[in-house]
Amino acid sequence: MTDTKKSYTKEQLLASEQFCIRKDLVKAVLDEKKNYTVDEAELLLKKYLKGKVN
């Protein structure tokens, strides 16, 4: 048995309650042509927030 996690489009994540507070961030960071698991999306958002501002 394989353990696969469900992946979602950027639009699906934007519509979810989990990401409703961070919609602007999701729009800026995630690619419309890719699918993401919730864990992947969370990780990308965290990495973006920890980035340096010049």
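Predicted model: local features only at pLDDT ≥ 70, side-chain atom pairs only at ≥ 80, totals over all residues.
Residues are numbered from 1 along each chain as its sequence is written, and side-chain values rest on heavy atoms, with hydrogens and water left out.

The chain contains three helices and two strands, where helices (H or I, at least four residues) and strands (E, at least two) are DSSP runs numbered from the N terminus. In sequence order these elements give the pattern β-α-α-β-α. Of the 54 residues, 22% count as buried; buried denotes under 20% relative accessible area, exposed over 50%, and partly exposed the range in between (1.4 Å probe, protein chains only). The accessible surface of the chain comes to about 4,700 Å², and 51% of this surface belongs to carbon and sulfur atoms. Accessible areas were computed by the Shrake-Rupley method with a 1.4 Å probe, and for residues only the protein chains shown count as cover. Among the contacts with a separation of 6 or more, 39% join residues 24 or more positions apart, a contact being defined by heavy atoms within 4.5 Å.

In soluble globular proteins, nonpolar side chains tend to be buried together. In this model, the largest nonpolar core comprises nine residues, namely L13, L14, F19, L25, V26, L30, Y36, A41 and L45. Such a core is a set of buried Ala, Val, Leu, Ile, Met, Phe, Trp, Tyr and Cys residues joined through side-chain atoms within 4.5 Å. Helices α1, α2 and α3 each supply at least two residues of the nine-residue core. One of its members, L14, touches K23, V26 and K27 when residues up to four places away in sequence are not counted.

Helix α3 has 12 residues and reaches 17 Å from its first C-alpha to its last, close to the 16 Å expected at 1.5 Å a residue; the expected span is 1.5 Å times one less than the number of residues. Its buried residues are A41, E42 and L45. Seen down the axis of α3, these buried residues fall within an arc of 100 degrees, so they line one face of the helix. The arc is taken over the directions from the helix axis to the C-beta atoms. The cover over the buried residues of α3 includes α1, α2 and β2. By contrast, K47, which also lies in helix α3, is exposed at a relative accessible area of 56%.

K10 lies in helix α1 and is buried, with a relative accessible area of 8%. Leaving aside neighbours within four places in sequence, K10 is in contact with V26, K27, L30, D31, E32 and K34. The C-alpha atoms of K10 and A41 are separated by 9.1 Å, although the two residues are 31 residues apart along the chain. T37, found in the loop between β2 (35–36) and α3, is buried at 12% relative accessibility. Beyond its neighbours within four places in sequence, T37 is in contact with K5, K6 and S7.

Side chains of opposite charge can pair when their charged atoms come close. A search of the whole structure finds two salt bridges, each defined as a side-chain nitrogen of Lys or Arg within 4 Å of a carboxyl oxygen of Asp or Glu. In one, the side chains of D39 and K5 meet at 2.6 Å, N to O. D39 lies in helix α3 (residues 38–49) and K5 in the segment before β1 (8–9), so the pair ties together parts that are 34 residues apart in sequence. D39 is partly exposed at 48% relative accessibility, while K5 is exposed at 54%.

In the other salt bridge, E42 pairs with R22, and their closest N and O atoms are 3.1 Å apart. This pair links distant parts of the chain, 20 residues apart: E42 belongs to helix α3, and R22 to the loop between α1 (10–15) and α2 (23–29). E42 is buried at 17% relative accessibility, whereas R22 is partly exposed at 26%. When residues up to four places away in sequence are not counted, E42 touches Q18, F19 and R22.
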